[in-house]
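Please open the structure in your viewer and keep the sequence beside it, and then follow the stops below in order.

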Amino acid sequence: MSFYASYGYLDLSTRFVNLIQGDPINVEIHINIEEYKSPDELSAEEQQLIQRAIESARDAYAPYSEFCVGACLLLENGTYISGNNQENAAYPDGLCAERVAIFAANANHPGSPVKMMAVTAVFQDKLLDQPVYPCGSCRQALLESELRFNRPVRILMYGKEGILAVNSIKELLPLSFDSSFLKSK
Ligand SMILES: [Zn+2]
């Protein structure tokens, strides 16, 4: 049995009921990821977004890990909002680049959905070869943004040797938790 986890969230509840009732099934979750070798294959807008994410990574405050992440959002109203990771000597008090950007966007442009996000990382002053992915907590924050505005966010994960792209955070966060659970009994 297989299905796609992209949009419109599958009829998982029925499948899990079957599972609980002793009728085991194998469930495969497919994610739709686009791969690009170079920013040249992307739109001018997307290239701009990646460039801003790279610049933002170089401004990160990451003296402890030296892993500098940069994110840039393009909002529906045309505004670019950058964010980078902010570390703290009390380690858990830091915050990831993506959430710095999302929260800044929501604080300053509360009515404008996020249209796209690019993320990349610089480690010890070198741009990473491989694309970097948002951590679990940032995926959750991106999901909240998508659901809040009912607007999928295109996500570009950039590395010098390639770019991965998804058209919704749901691709990276199947079986996710959202507010619907808070209303369930
Ligand atoms: Zn994160």
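This is a predicted model: local features need pLDDT of at least 70, side-chain atom pairs count only at pLDDT 80 or more; totals for chains, interfaces and linings use all residues.

Colour the chain by secondary structure next, and you will find 5 helices and 9 strands, which follow one another along the sequence in the pattern β-α-β-β-α-β-β-α-β-β-α-β-β-α.

Now turn to the interior, where 32% of the 185 residues of the protein chain count as buried. In soluble globular proteins, nonpolar side chains tend to be buried together. Select Val-69, Ala-71, Leu-73, Ala-118, Val-119 and Leu-156, which are the residues with the most contacts inside the largest nonpolar core, a set of 39 residues. The elements giving two or more residues to this core include helix H2 (44-58), strand S4 (67-75) and strand S8 (154-159), while S6 gives the most, with 7 residues.

Stay with Ala-118 for a moment: which residues does Ala-118 contact, leaving aside its neighbours within four places in sequence? They are Leu-49, Ile-50, Ala-53, Ala-71, Cys-72, Leu-156 and Tyr-158.

For the last stop, select helix H3 (residues 97-108) and helix H4 (residues 136-149), which pack at an angle of about 25° with their axes 9 Å apart, and which are therefore roughly parallel to each other. Their crossing is left-handed, and the contact is made by Glu-98, Arg-99 and Ile-102 of H3 together with Ser-137, Cys-138, Ala-141, Leu-142 and Ser-145 of H4. Colouring these contact residues by type will show 4 nonpolar, 2 polar and 2 charged.

Terms used
Residues are numbered from 1 along each chain as its sequence is written. Axes are lines fitted to C-alpha atoms, for helices over the stretch in contact, and angles run from 0 to 180 degrees between N-to-C directions. Helices (H or I, at least four residues) and strands (E, at least two) are DSSP runs, numbered from the N terminus. Angles under 35 degrees count as roughly parallel, over 145 as roughly antiparallel, 65 to 115 as roughly perpendicular and the rest as oblique. A crossing is left-handed if the near helix is turned anticlockwise from the far one by less than a right angle, and right-handed if clockwise. Two residues are in contact if their C-beta atoms, placed from the backbone, lie within 7 Å. Ala, Val, Leu, Ile, Met, Phe, Trp, Tyr, Cys and Pro count as nonpolar, Asp, Glu, Lys and Arg as charged, and the others, Gly among them, as polar. A nonpolar core is a set of buried Ala, Val, Leu, Ile, Met, Phe, Trp, Tyr and Cys residues joined through C-beta atoms within 7 Å. A residue is buried if 20 or more other C-beta atoms lie within 10 Å of its own, exposed if 12 or fewer, and partly exposed in between; C-beta atoms are placed from the backbone.
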